[in-house]
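This report describes the architecture of one protein chain, from its overall dimensions to individual residues. Please examine the sequence and the structure below before reading on.

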Amino acid sequence: MPKEPHIPISSTDLFLWEKDRYLSVLAGKLQDIRLLSLDIFDTLLFRTCANPSDVFSAIAMQAHPNGSLKTHVSPEAFKEMRIRAEHKARAKQVARTGFGEVTLELIYEEIPEAICRRSELVRLEVDVEAEFCYVNPHVTSLLYACKKARIPVALLSDMYLSSEQLRRILASAGLDLSQVDTLLVSSEEHEGKSSGHLFARLKEFYPQIESQSIVHIGDNVAADVEGAAKAGIRGLHYPVILEHFESIHHWEFVRHGDVLPEWKSLRKLAAASDLAVGSQEYDRTLYQFGTDVIGPFLHTLCEWVLDICAEEGITCVNPLMREAYLLAPMLEQAAHIRGVELQVKPIYVSRQATFMAGLEHFGEDELAYLLGIQGLKVGELFDVLGIGLEEGHFEAYTKESIEACKYIAGDNGLTIYDFLRDYLRSERGQSKLLASIERHRQLMVGYLAQEFGSPERLVTIDIGFQGTIQGALEKIVRLAGKQPEMKHLLAVGTNRLDELRLQSMDIRSMLRSGSGGSEMGRRIARTPAFLEELMMGGFGSTLRYAEDESGGISPVQAQLHRAEEEYAGKQACQKGALAFQGYYAYLLQQKKGRLPRASKHPEEWSKPLHRVLAMPKPEEARVLGDLTHQDNFCTEYIAPICGAVDEEWYLAGPEAFLNSCNYAPSVLNVNWPQGLVTRRFPYYLYHYYLQLADGFGSQAMIFDTLQRVKKDGVRSLLLYGTGAFAEQVLKAAWFHGIHIPYWIDPVVGANTAPWGRFTYQSLAEARALSEASGETAPAFLIATLSELEAYPNQILQAFEGSEITPKLYQLRP
């Protein structure tokens, strides 16, 4: 089983930063740095909320009880007011002084005194920021490593907070301020980083240090990289928190809204530690899947189990193999994090291993069940039954499937299938079967007694879903003359658990998939294949138990057929899941009880996994769908999770295909319908849920247009449009990684100062630049839902008489 040492994540670990995929470029190069400069928010400090503006809602909720904000102003309304107040304050500052840097006090001057006590809200905002913030242990590790190497450290921030207010927040987050040599903030220096001014000011403090010996790290390209370059300083982009179209968290938002907002930054940070698995992109993809998806779900299960253990005095649990390969070490690590003693002893068991041992007799129902298993061969049937081949009748047919035997003629006009069925019904066959049942049961009960002492008191843990193995365990123990007192804990349970409870079984599930259950539970129960596969090790299912010469009983396991790359990817995923637990413990400790444990909200913590199942990214559908699924119940079945499907099933479109997946496996055997539909129609599900989330607004139209742009291989566009909608389109293009160097706004003059990484331009200037460059014709993104004819005509008229015909991308359904 994978073993990760219980080494806590700590900002004082001077080597932790070297595991960060962005900071690791500095490994072995600290001796070349003479001054380290760090951005603060989203670099050195992270927040326990989905968006920075969520802090404003929390301010309102705390301000209401003490009367510093009128109660009729809701948190949502105050959040919007606070955002607008900052915009107004900056606009006034630009008009007065020519620069837009403001203080927190100036912002609150824009909120009427009649609805709030401004000075109290200023103080409260700093306090709430401190409650939300925690230090990024990766960057803090680098900070402390530099200080140990006698490299001075400066903090630079484009922020309305004062340096004193920032020091309060940093100290509250646990940063040792004695390790910070300089702190410069735009609100006090009257200029920011993007212009290069704040970096020039930094250099004034260290005139003896050459610019090329200074490294600045931050999350904003314009401010932290391009702004630093204006002062001759090397800027290192640190985009851990940055959102973009391919981000898992964006896709989660489209499907579910904000998912685990308190833990969002922590999950991103854990994913950024993927350097721990090397440079292979396949392994790093699965490592991040472990930190972002598998880790949160399984850790929630571990926390839920620990809650039950604490309430009921349980000190030993028994996760079922093969999933216990990952679940067992995660349970051990979760117990260590919580500081409780828990013995974790996995059980090697499976449906096949319990099948014969759990029978009282072998009748017509059992015979029909086995003979009906698709693909089962004659030799495999006798292996499962454990009775040996009957000479003269079946030895020649061991490789034949049961189904094929229906068409192979034997003696007296009977088929081999007839002979087989008659033999298993015969007195001789039944005698051998009853002896085999008894032997299987003795070996299994012997194995359980050998490994667990009192098998009747097992506490099993499993992913789920029907309780089949759990029911068989209790029946086997009962048939062996013992009274079961077991507890069975499942991640997800179906309605059948209710039936088992009526049989006096203590069987519980964290999530319910049947009636009265949740969408999370239903989806996971429907498509568990890749979750199960990513939890498994390099061995197959338990087939039976065998006694050795010394009398010990061991499980007999099936051979596992896996490509080396796939096995390495699974190991990377498992390493990521275990790594997540370390980061989870770090943040839980940093917030000291202000964050609830995962087990208190299992539905929420299941949403990352549910999103992948219900709305996978194309890359996820490809990587996870290519994993092979091996089922060793009676016959060895190996196939990709997303196996090939005849093209005819896709002809009616994605919706019809998903509906077809309701057919029985004998008609259309599909493990993961959403994975298959995404592989065939990559963005169908994203587009569907984007429309629902946007109330059938314009977001889907913008997305469709940008997809056409990317499909055409265009990576740079000129934006043509005006107002808030054009700004929305501009930001969407950036979000998709499309460069917008120029914005041609029919209302705004070309000499207007831009607010982002673009330049205002006129159509005449766009034409002149295109003619001078001699490059391909420019592509325009037309951002309007009203001037559908006027805007294209204006662009085309501007290029009349030239040999250039611009390419136009318009929004359309």
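Helices (H or I, at least four residues) and strands (E, at least two) are DSSP runs, numbered from the N terminus. With that convention, H610 is placed in helix α26. The model described here is predicted.

## The chain as a whole

The chain contains 34 helices and 22 strands. Along the principal axes, its C-alpha atoms fill a box of roughly 105 × 65 × 55 Å.

Of the 813 residues of the chain, 55% count as buried. Among contacts with a separation of 6 or more, 71% are accounted for by residues 24 or more positions apart.

## The five-stranded sheet

In what order do the five strands of the open sheet lie? The order is β5-β4-β1-β6-β7, and the pairing is parallel. Strands β5 (182-185) and β7 (234-237) are the edge strands, each pairing on one side only. From one strand to the next, the twist averages 20°. Strands of a sheet pair through backbone hydrogen bonds, either parallel or antiparallel.

Two of the pairings can be followed in detail. Strand β6 (residues 214-218) runs parallel to β7 and is joined to β7 by four bridges. Within this part of the sheet, I217 stands opposite L236 in β7. Strands β4 and β5 also run parallel, and four bridges join them. Here the bridge partner of S157 is V185, in β5.

## Helices that cover the sheet

Helix α5 (residues 137-148) lies across β1 (35-39), β4 (153-157) and β6. Its direction is at about 160° to β1. Helix α6 (residues 163-172) lies across β4 and β5, and runs at about 120° to β5. Together, β4, α6 and β5 make a right-handed β-α-β unit.

## Helices α11 and α12

Helix α11 (residues 264-271) packs against helix α12 (residues 281-312) at an angle of about 145°, and their axes are 8 Å apart. From α11, the residues R267, A270 and A271 meet Y287, Q288, T291, D292 and P296 of α12.

## Helix α30 and its surroundings

Helix α30 (residues 684-693) and helix α31 (residues 699-711) have axes that come within 8 Å and cross at roughly 150°. Angles over 145 degrees count as roughly antiparallel, and therefore α30 is roughly antiparallel to α31. The contact is formed by Y686, H687, L690 and Q691 of α30 together with Q699, A700, F703 and D704 of α31. These residues divide into four nonpolar, three polar and one charged.

Which residues of α30 are buried? They are L685, Y686, H687, Y689 and L690. The elements covering the buried residues of α30 include α10 (248-256), α26 (607-614), α28 (654-660), α29 (673-680) and α31. After α30 comes G695, whose phi is positive, near 60°.

## Two residues compared

Apart from its neighbours within four places in sequence, H610 is in contact with R255, H256, E519, M520 and R523.

The second residue, T759, lies in strand β20 (residues 759-760). T759 has a relative accessibility of 40%. Residues between the 20% limit for buried and the 50% limit for exposed are partly exposed, so T759 counts as partly exposed. Leaving aside its neighbours within four places in sequence, T759 is in contact with P741, Y742 and W743. The C-alpha atoms of T759 and I740 are separated by 8.8 Å, and these two residues are 19 residues apart along the chain.

How values were computed
Residues are numbered from 1 along each chain as its sequence is written. This is a predicted model: local features need pLDDT of at least 70, side-chain atom pairs count only at pLDDT 80 or more; totals for chains, interfaces and linings use all residues. Side-chain values use heavy atoms; hydrogens and water are left out. Two strands pair if DSSP finds at least two bridges between them. Axes are lines fitted to C-alpha atoms, for helices over the stretch in contact, and angles run from 0 to 180 degrees between N-to-C directions. Contact means heavy atoms within 4.5 Å. A crossover is right-handed if, with the strands pointing away from the viewer, the path from the first strand over the helix to the second runs clockwise. Angles under 35 degrees count as roughly parallel, over 145 as roughly antiparallel, 65 to 115 as roughly perpendicular and the rest as oblique. Ala, Val, Leu, Ile, Met, Phe, Trp, Tyr, Cys and Pro count as nonpolar, Asp, Glu, Lys and Arg as charged, and the others, Gly among them, as polar. Buried means under 20% relative accessible area, exposed over 50%, partly exposed in between (1.4 Å probe, protein chains only).
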